[in-house]
Structures are given as structure tokens and as C-alpha cells.
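Take a brisk walk through this structure with me. We will look at a pocket and then at some aromatic rings.

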Amino acid sequence: MDRPWRATNENGLYICDNSFSWNGWYRFFYNGMNIRMPESCVSEDSCNADISLWLNGSHPQIEDGVVTREICGASFLNGCCDDRFSPIRIKACPGEFYVYELVKPQYGCSGYCTDISTISQTASTASPAMITESSLTMSAINTDPCYNYNILDNYWRNTLNYWHMYGYISGYDDSRVDWHG
């Protein structure tokens, strides 16, 4: 997901992830660069959501494989981690990036945040077809979320695109999408 508005330094739009139907693994980008979720409290109203979601725990190392982490929500009423959400799975990938198996937040205008201080200039965007390492089988590539993740970079998802407000863009409703992968 190349959504700069998810960064911890953004606020005001109130984009609610509980409006989307999440299914599969996702990789976060910030204008084409790697970025990851915060590992400590994020102030409420950050990341363009009312309840800012962050990891209550550290990111894994490659040798850890897939790990499960608790998700906390920072909100005005309940403080830093009094709002607890369904855990998500995370995997560290070769190329120094992470993939996240996101789930639909249970309540409120909640949004998964990305930590602006973790931007990495070395964004690897290799697709599975470009992998040449002989130790990887095609079966492993097809099932490994490091090589099989989603990027949401449609032009109409841009927060500066106001065409939808005037009826010029219609039918783009993520809650009606049958997500795969």
C-alpha cells in the first residue's frame, strides 16, 4: 500500500480501515519507499484515523518467520493501548521490508499507521517473476507473502483526488471488493 496519508505525521482526513474488507498480505510504502508500522504509541488522530493502530511488540527478524503481534489503538478517550484490536501476522522479508496480514479493525474509525521515522530508501519491488535464487521453488514463491503481497496504488486512491466528491468517480467502494491474496 503506497499510502503516504497512513504516516504518523498525517492527520485530518479520517479514513477508516474498518470500512475495508481486508484479506491477504500487504506491504507498506511511502511514495515508493519502504515504511513499517510503529512499535510504540501513536497519538490519537494521527495517520488520518480517529483511532491510530500500532504494533504492541517489535518487528520480527527473517529467521523468526511469520509472527503474530497485538494491535493497540490510541484514542482520545482510552489512551495509548486501552483499545486492543485483533492481532495481525507479520513477516520480515529479504530486501529489508515487511509484509503484514491485516484484518478488519473491530470498531471506530480505526486506521493502520506507518512510522515516518522508518522510511527506507531501498525499496525492493521485485515481483515473483524476477526472483532468480535457485533455492526457491515456484511453489515456495507462490505461497511466501514476501513475494506474493498486494500493492494498492490506484490513481483514484490519492487523497488529493477530489473527483469522487463531485460524482465523477463512482463504483470505487473497497467494502464491496472481493479481496484475494
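The model is a predicted one. Of its 14 lining residues, R36, E96, F97, Y98 and S120 are closest to the centre. Strands also take part. Both β6 (79-93) and β7 (97-101) give the lining at least two residues each.

The charged end of R27 sits over the ring of F97, at 3.5 Å from the ring's centre.

Now turn to rings that meet other rings. A pair of aromatic rings is described by two things: the distance of the centres and the angle of the planes. This structure holds five such aromatic pairs. Take W22 and Y112. Their ring centres are 6.0 Å apart and their planes stand at 90 degrees, so this pair is edge-to-face. W22 lies in the segment before β1 (25-27), while Y112 lies in strand β8 (residues 110-112). The two are 90 residues apart, so to speak distant parts of the chain, and the pair links them. Both W22 and Y112 are buried.

A second example is F28 with Y100. Here the centres are 5.0 Å apart, the planes make 55 degrees, and the pair is tilted. F28 sits in the loop between β1 and β2 (29-30) and Y100 in strand β7, so the pair ties together parts 72 residues apart in sequence. F28 and Y100 are both buried.

Finally, go back to W22 and Y112. Together with F20 and Y26, they form one aromatic cluster.

Terms used: Residues numbered from 1 in each chain as written. Predicted model: local features only at pLDDT ≥ 70, side-chain atom pairs only at ≥ 80, totals over all residues. Heavy atoms only, no water. 1 Å grid on protein atoms, 1.4 Å probe; cavity = no way out; pocket = protein on both sides within 12 Å on 5 of 7 lines; lining within 4 Å. Helix = DSSP H or I, 4+ residues; strand = E, 2+ residues; numbered from the N terminus. Phe/Tyr/Trp six-rings, centres within 6.5 Å; stacked < 30°, edge-to-face > 60°. Buried < 20%, exposed > 50% of the residue type's maximum accessible area, 1.4 Å probe, protein only. Lys NZ or Arg CZ within 6 Å of the ring centre and 35° of its normal.
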